[in-house]
Structure formats: structure tokens, C-alpha cells
Amino acid sequence: MFIDPELDDRMLPGELDLVIEAADMMTVLAAQRLVRIDAMRREALREATRNGRVLTEVVERGVRLELAAALRITEHAAGDLLSFSEAVVHSYPVVLASMERARITERHAQILIAAVSELEPEFRAQVLEPGLALAEAEAVGTFRRKLRGLIDGVRSATLTERYERALTRRRIAVEPDDDAMGWVHVYAPMVALHAAFGRTTAMAKGIIARDGETRTLDQARADVVLDLLIDGVLDTHPDHVRGVQATVFVTAPVLALLHESDASRAAAGIDPPVVEGIGPIPLPVARELAGGASGWTRVLTHPETGMVLSVGRDQYRPPPALQKLVKWRADRCMGPGCGMPASRCDVDHNVDWALGGHTELTNLGPLCEGHHTVRHHTDWSIRQVAGSGGAILWTSPSGRRYLVEPERAVPVFRSTGSRGAPF
Ligand SMILES: [Zn+2]
């Protein structure tokens, strides 16, 4: 722990211990409060039953009012407290036990129980235990983020079915607001919305960069959307913002794409494809994006190392991890007989980028400056041999052929089905 030497000794550990002690006591007492609130609710229900009253809802309403009045809180807050107490005491006693030992704060417990309660019942048990372990280890903010990741992972097993059901509910709606204004809501796949928002932002930024432009980015975004929706005519937009394309990063473990369904992928313990800023996406959507939809940056990753294997046609320069992998595989320049260490080489697109070559492991190899020049500016030609794991076949101007094998093999993974792996 860093202790600022300028700080006076009031905040040094002795005092901090007292703060922690008080906080722990508060948590223990909070647990006790929840237990007592639940006991009160149950007693009221029992009492009502004895008196022959059958409308549980009305009785609970009465309990809520009583609790609100006694604690001087709103009935709404009292209602939340009652349902939280019931959940902690009856549905999730392990959470209560953790609070009673001051292992988690009441806030952690609220977040955990809210998240678990929202889950489909079949997933609750899978999330509760690891979720509680996270609550006991992490600060509230980190806990919330990691819990979200945990839930995404667990739920991704049925993502495709849920996505397809939800997709049938896509729609737009207009919601009126004050001052003759209102909102348009679009319920649609998040990947598409992300792209739409990205493109709108890019266009709006291009517009407000003009001299004399006074609109804010928010205002320009709203204007761009309306221009596109109402007229579809962009006469008022400067040339440089037309045809702007959104870039969305899709990261898909190669092995994930080989699975038939999210269920079998999850069963095999392979992470779901994710879109930066969105989270997991269904396999069919990822497969479509990986397969050549334009306007996306496709990132395929090595199943074990998570290393990037391809960014397709969306980026000329290989990402650092891909460059590293290409150089590691070759170890040396891939020119015939050359001993130049790969670290001192350029990464060559074996099929020229200009001729449609992709930025992917199967089209990249390191070449030293000399061999790079020969390959580009003489009648020598090269091609990477398909399925060879990176071997380069050089053909001389006289037609002689030389095969240069890489030093190392990047493991090739195959599905259990009949299809081969794409790398
Ligand atoms: Zn060389």
C-alpha cells in the first residue's frame, strides 16, 4: 500500500482498522435488519391467515406502509427492502451468511441478488457461487463489471435462441416528450445499432469540424439521423462525410466459429465471439461478420493464446500480436537461404494488399529488406502454400522453384466434424 509521507498519522493503519471495524459492524447489523424485516413480514402474514384474511397482496401492502412509517422512508423504498429481505433470507441464504460474517457489504449483496434474480432460473445456481466469490474479493465497481462478464459467459450458451426470439420483436417507436420534442426508439440487434451510432458519430464529427459550424456533436448526430431518415438526401452534408463506414471490432475465437451452436461451444468451454463495447454475440451473427460482411473489422483469434490471426481486408498493417506470431513462426526471413532474424524483417503480404490480399496469418511472412525488394521489383514471384502452415514457394525468373519452410508450426486446430479449421 502506498502511504503519502505528507499525510498526517491520523489516517495510518491504526485508525483505518477502526474504520474497517465500524464498517464490518454496519454490515453485520444490516444483515440483522434484513432478518428482522423478513420475520416481521412473515409474522404479519401468519397473523392475517389466523384472522381469515386471504388477500396476501393487501396484507403485504399493510406491512409495507407500517415499515415505511416506522423507518421514515418511502413506501417504495420499504417495498424494495421487504423483497430484498425475503430474497436474502429465503432464496439466497449463502449471501446472508456472507453478510453476517462481514465478508461482503450490503451493496455487494444488493447487486448480486438483483443480477441473479433477473437471470433465467436455470442459470442462477451457476452464477450465485462464483458471483459471491467475486463479491467477497472485489470492490463494488470491479465486482459489478466482473459479475456482468460472468453472467454473459453463462448465458451465452443459449444466446442464439434468445437472440432469434428477440429479433422477431424488432421495431421502432416514437415517444413524445415536452416542448414539442420527442424520442425515436429503435429496438434492433446491438451490433447493427453500434454500427449505426458509430457511423452517425463519424459523420457528425466531419460536419462540426467545418469552419463556422456551431452545432455540438450531439446536435449534429441528431441532425444526421433525421437527414438520413426523412429525406435520405445528403445535399447538406459535406462530401468528406459521405460514404463514411462504421468500424466495429468483432473478436471471435477460431474454434468458436467451428461449433454448430452456442450450446455446444459453451459445453466445450470456448469463449463466445464478442463485439467490442457490446459483449457476446450469437454464433450465427459472428459467422456472418467473419464471413465477409463489409464495413467490419474482423478479428479472428487463436483458440489457445487468444492471439489475433486475421483482420481480413479491414486493416493493412497487421496488429502487433499478429506480426509477432508471423515472425515467431518463421524465425528468419522467408527468402531462400536467408538468415536474417525475423525481428529485423518487414511483414510481407504474400498476395499484395493492392491485389486483394488479406491481413491474416495465411497471407503474411517476414522478409528482410533485400528479399522484400527482390520480391516486389523483379520477376521473382512468391506465394504462400495453402495448408502448409506458412511455407513460401519462390519462383525465379527462369522458372525454378524454391520452397522455404517456416521454422515453427502454429498449431492447427480441427473441428470434430468433417470441416477443417480455417487456419
Ligand atoms: Zn532475406
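Q: Which residues lie nearest the centre of the second largest pocket?
A: In this predicted model, the second largest pocket has a volume of about 550 Å³. Its lining comprises 21 residues. Those nearest the centre are L159, Y163, M190, P280 and P282.

Q: Which element gives the largest share of the lining of the second largest pocket?
A: Two or more lining residues come from each of α7 (140-155), α8 (159-167), α9 and β5 (279-280). By class, the lining divides into 14 nonpolar, 2 polar and 5 charged residues. The largest share, 5 residues, is supplied by α8.

Q: How many of the residues that line the largest pocket are nonpolar?
A: The largest pocket holds about 1000 Å³ of space, and 23 residues line it, with V184, V186, A222, V225 and L229 closest to its centre. At least two lining residues each are supplied by β1 (171-176), β2 (182-187), α9 (190-208) and α10 (217-231). Beside 3 polar and 4 charged residues, the number of nonpolar ones is 16.

Q: Is α2 roughly parallel or roughly perpendicular to α3?
A: Helix α2 (residues 56-71) packs against helix α3 (residues 75-91) with the axes 8 Å apart and an angle of about 110 degrees. Angles of 65 to 115 degrees count as roughly perpendicular. Therefore α2 is, relative to α3, roughly perpendicular.

Q: Which residues of α3 make the contact with α2?
A: The crossing of α2 past α3 is right-handed. On the α2 side, the contact involves R61, V63, R64, L65, L67, A68 and L71. The contact residues divide into 8 nonpolar, 1 polar and 3 charged.

Terms used: Residues are numbered from 1 along each chain as its sequence is written. This is a predicted model: local features need pLDDT of at least 70, side-chain atom pairs count only at pLDDT 80 or more; totals for chains, interfaces and linings use all residues. Side-chain values use heavy atoms; hydrogens and water are left out. Axes are lines fitted to C-alpha atoms, for helices over the stretch in contact, and angles run from 0 to 180 degrees between N-to-C directions. Helices (H or I, at least four residues) and strands (E, at least two) are DSSP runs, numbered from the N terminus. Angles under 35 degrees count as roughly parallel, over 145 as roughly antiparallel, 65 to 115 as roughly perpendicular and the rest as oblique. A crossing is left-handed if the near helix is turned anticlockwise from the far one by less than a right angle, and right-handed if clockwise. Contact means heavy atoms within 4.5 Å. Ala, Val, Leu, Ile, Met, Phe, Trp, Tyr, Cys and Pro count as nonpolar, Asp, Glu, Lys and Arg as charged, and the others, Gly among them, as polar. On a 1 Å grid over the protein atoms alone, a cavity is a set of points where a 1.4 Å probe fits but cannot get out, and a pocket is an open set with protein on both sides within 12 Å along at least five of seven lines; lining residues have an atom within 4 Å of a point. Grid points are joined across faces, edges and corners, and a volume is the space filled by probe spheres set on the points.
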